[in-house]
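Good morning, colleagues. Please look at the structure first.

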Amino acid sequence: MGRVQLFEISLSHGRVVYSPGEPLAGTVRVRLGAPLPFRATAPTSFEGPFGKIVHQVRAAIHTPRFSKDHKCSLVFYILSPLNLNSIPDIEQPNVASATKKFSYKLVKTGSVVLTASTDLRGYVVGQALQLHADVENQSGKDTSPVVASLLQKVSYKAKRWIHDVRTIAEVEGAGVKAWRRAQWHEQILVPALPQSALPGCSLIHIDYYLQVSLKAPEATVTLPVFIGNIAVNHAPVSPRPGLGLPPGAPPLVVPSAPPQEEAEAEAAAGGPHFLDPVFLSTKSHSQRQPLLATLSSVPGAPEPCPQDGSPASHPLHPPLCISTGATVPYFAEGSGGPVPTTSTLILPPEYSSWGYPYEAPPSYEQSCGGVEPSLTPES
């Protein structure tokens, strides 16, 4: 016998005769002797500026000859939930570090160590992404403000892959003074976004990243992030306080010198070292300003961070960052709770303002034609 041992259709109650307008119901029975590959169930709905996955039901009334047919359609959404618990090590902290050496004042050299971490590697809509950054400025020059961005990368497969990258949320903190070490604690509220995977679709790929960067000196740390529908049900493993380093990793602490050798150590290093880190304040949140009135009216809404550069009163509990979402009404299950796009705190994106990609996907005629579009003579 082959793989398919049983494959049959049976109608309810054994009926075989029906009248027009009656519902037809039954059962399909399948019994396999071995695993059988098959094409995927319908993919999750998705709408983007350069590609989309749309499901709809169509109905038509075909009239006699020379008469106009009547047609209608209704769009519905399919969501294949992504269970974050199925991703390996999803409950582990996400940690990355980068060291940048640079020159300043022509003859002096220094370095900056940038370390960033998150409490988890996957989140659901409405969940707060906890960000921890540690910046050690081993130079006599102040750094630029530290910026954290939640990025969405959508890849479309046409004649060639087209990558569409946009910023979902952005938070900017203060810079780090010379010969100082600073820590920055923030959190970003995950808005209504499509999930990281689209099962059943090989033409559209969705990825998310958290990028923490400095412009001067130029240093960037990128952490991959998963967006799903079912929250992580394990308690997150907290990273080392302030550093975001995995267990067992050596902390970024400069050993102290004896009192009589402090002056010699500072001269050899080119400047003083501060063992106790300072906490950086948050300078700006994406879309916070137009939503200040709305947030102030929400019970229990957090207070905004000081804008004058002074340290926040509660550096470990910063306010949330409200950012834009997607047009398709995605919902989440688990601790995050369902958050539709109609929420007053989650706004849909403005696709008309996108600057990426610079070239739109090729048309149907260009994809099917055998000649290069640029070589086609003009009419």
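Is Tyr 104 buried or exposed? Tyr 104 is buried, at 8% relative accessibility; buried means under 20% relative accessible area, exposed over 50%, and partly exposed in between, with a 1.4 Å probe and protein chains only.

A word on the basis: this is a predicted model, in which local features need pLDDT of at least 70 and side-chain atom pairs count only at pLDDT 80 or more, while totals for chains, interfaces and linings use all residues. Residues are numbered from 1 along each chain as its sequence is written, and side-chain values use heavy atoms, leaving out hydrogens and water.

Searching the whole structure gives two aromatic pairs; rings of Phe, Tyr and Trp (its six-membered ring) pair if their centres lie within 6.5 Å, and planes under 30 degrees apart count as stacked, over 60 as edge-to-face and the rest as tilted. For Phe 50 and Tyr 156, the centres are 6.2 Å apart and the planes stand at 75 degrees, so this pair is edge-to-face. Phe 50 is partly exposed at 24%, whereas Tyr 156 is buried at 5%. In the other pair, Phe 102 and Tyr 104 have ring centres 5.9 Å apart and planes at 40 degrees, so the arrangement is tilted. Phe 102 is likewise buried, at 14% relative accessibility.
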